[in-house]
Amino acid sequence: MLFFLGMFFSLGILIPGKLSLKLQYDGDQVLYIVPETLQQVQHLQHLCSTLLLDLWKPLLPEDMKAGEDLHIRVPAPLVQEVKESLDQHMISYKILIHDVQELVDQSTPRETSSNRQIPESYNYTQYHTMEEIYTWMAHIQNNSELVTQHYLGKTIENRTMYYLQISQPSDKNKKIIWMDCGIHAREWISPAFCQWFVKEILQNYESDPKIRKFLQNLDLYILPVLNIDGYIYSWDTARLWRKNRSLHMNGTCYGTDLNRNFNSSWGTVGVSYNCNSEIFCGSAPESEPETRAVVQLIESKKSDILCYLTIHSYGQYILTPYGSTTKPPSNNEELMHVAQTAAAALMEKYGTSYEVGSTSLILYSNSGSSRDWAHMIGIPFSYTFELRDKGTYGFVLPADQIQPTCEETMLAVTTIIDYVDQKYFPGEAMILTSASLGLNLCLTAVLTLIVS
Amino acid sequence: MAELPPPHSSASRAAALAAAYISHRHGSPGHGLVLRDVCHARREDIDGIGHKYHLEFVLEDIFEKDSTVNCTAEVLYHLGNKNSAPDVQFTIEGELKNTDEEDNIFYNQIKSLKKELEAENIPDSYGNVSPEMQPIRALAWAASGYVIWQNSAENTKYQLAQIKRVKQVKRTDEYLQFDYVILLHENVSQEIIPWQMTVLWHPQHGVAVTQNGRLPKHALD
């Protein structure tokens, strides 16, 4: 087992950081050699450095010693040449691994196409436990050069909050789109959408020109589950739980409504000061660690964040600021126009109709929402999405609606991202990035080697 | 008289109430009706009486999204009197799906059960409703329409969230009786409210709620 771990570690070291080329090891062999003399050691060191062979054991050529075994990975095109050279110098060898790729394939989830960087075994049309989502995040990070997982903070029950950053490697200073899901525990379709969104971007960024284009200018920060403790509680104990799991009233009552806990006219309207209520706003603005974790990150990057999206269910709405007042935001016309375009795009897919407007006019008054706060600190495009349905199933949306809900919502969200991209980065044609240029060169080189 | 843009909160609350009322009046084990869209809304403030909403909206079948029906309704919320349910008058354009056959099959199935039907969590946590439980759910949907109508005000919007428990009670007369504990979701306060209701049904006599009452919030913990 340790050998294989060592093997993967070695492979990991060799993968060049910036290239988006997925490395294949078809036909590569690992040779086992015990050099008998100093001369043989020197020859092997020479071979390694001139042919750039991948030394697995020892770690460095200078550590090679007569009488001590070596493991060297030889790329397929060089196998014959290396073996001939070893023969010429009377260096005997054994083949430890006949085909490295075969071994890699056996040990990792199968990938059917070289475009796919997400394991097919993850079912995006099912609801997932928090444990599964944690595993998924780690896996996504390890399998995509576009994604990094970042620490955001801790929940009240001391669980770690992570967000995913999707970023096309480049020298450009990018702006940011933020999207969070699962601020309310029972709204399961929301985290399902965040996962779907990440998957779609990673699966299609190479083939979809629209995604490629906005990723040149924009980084996507995705928080798949904001209210982790609540989400787990809704799986294990009470399916219709909404709030977080902070303790109040001398340990007799649980939960603050995180979407009433932000510092946006906190505690003024549409809230309760009683913990027993589902809309309890907490003991103070940002009293909850989950709220503070989000606030800290967004505050630190607010000059770069162009768009704040927060995903809820249910009701089928795209909601604009504010909830705490009926006074419209300064950019109301533009906000409404973009939201209406997004709702229209969404409707094209399956005929699902979304209503668009400010929370205070079409739903109810509420203060302390994350969306209001985001807009108040200067993030121009702030929206709350309320996903399917309109009450037939409400919070317990059947899993067979995950796919259509996510597909149509994807259209709305990418409409908004496109608009933001075109507004702040106007008139830019699609340029070939250095990564894709590198990919082209490598492919050409490999093809040349194979053909010759 | 004030025109209300259809997504306006008071229009959608009044329309949801009308939908609940219509569900109760026309519900059966074969279908349930939920509000799909509000097309048009006007509010009339009548001095000394209350607020009257004039509505045009579309309902869809909870089992068949594409089966829709257009409706108009007038909803009057009485001023001051909290104990009085709003008045609802409605018309349905065209005809609702005829479910006589399914209703009769269901009726006979339940009547012939040796052991009284009992079930929990419909839908379950994942939104699943087994085919056998669909008529049970539709009956609860219709009955909850009555409860919602009786308990609604201008600043509330109720929806049936889940059936926690249902137990059939055998009767000597021709009616089927089901005792339900349901969870109602109230959209403004975001509360989940357990509610008990005794429901009687017969294919020719429709759905009747003979007894109902709010349960304490943690009654199910």
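In this predicted model, chain B and chain A bury about 2500 Å² between them, and 47% of that area lies on carbon and sulfur atoms. The size of an interface is often given in this way, as the accessible area lost when the parts come together. Within the share that chain B buries against chain A, Pro7(B), Tyr126(B) and Gln190(B) supply 22%, more than any other three residues. Counted by residues, 35 from chain B are in contact with 29 from chain A. The predictor gives the complex an ipTM of 0.94 and a pTM of 0.79, while for chain B the mean pLDDT is 94, with 98% of its residues at 70 or more.

The rule finds 11 residue pairs in polar contact between chain B and chain A, both residues of each pair being at pLDDT 80 or more. Side chains of opposite charge can pair when their charged atoms come close. Between chain B and chain A the count is 1 salt bridge, in which the side chains of Lys217(B) and Glu278(A) meet at 3.9 Å, N to O.

The side chains of Asp69(A) and Lys57(A) meet in one of them, at 3.0 Å from N to O. Because Asp69(A) lies in the loop between strand 2 (54-57) and strand 3 (70-74) of chain A, and Lys57(A) in strand 2 of chain A, the pair ties together parts that are 12 residues apart in sequence. Asp69(A) is partly exposed, at 24% relative accessibility, and Lys57(A) is partly exposed as well, at 34%.

In another salt bridge, the closest N and O atoms of Lys175(A) and Asp304(A) are 3.1 Å apart. This pair links distant parts of the chain, 129 residues apart, since Lys175(A) is in strand 7 (residues 175-181) of chain A and Asp304(A) in the loop between helix 9 (289-300) and strand 11 (305-313) of chain A. Lys423(A) and Glu334(A) form a salt bridge too, with 2.9 Å between the closest N and O atoms. Finally, Asp28(A), Asp54(A) and Arg73(A) are linked in a network of salt bridges.

Note on methods:
Residues numbered from 1 in each chain as written. Chains lettered and ligands numbered in written order. Heavy atoms only, no water. pLDDT = per-residue confidence, 0-100. Contact = heavy atoms within 4.5 Å. Buried area = accessible area lost by both parts, 1.4 Å probe. Salt bridge = Lys/Arg side-chain N within 4 Å of Asp/Glu carboxyl O. Polar contact = N/O pair within 3.5 Å; in protein donor to acceptor, adjacent residues only side chain to side chain. Helix = DSSP H or I, 4+ residues; strand = E, 2+ residues; numbered from the N terminus. Buried < 20%, exposed > 50% of the residue type's maximum accessible area, 1.4 Å probe, protein only.
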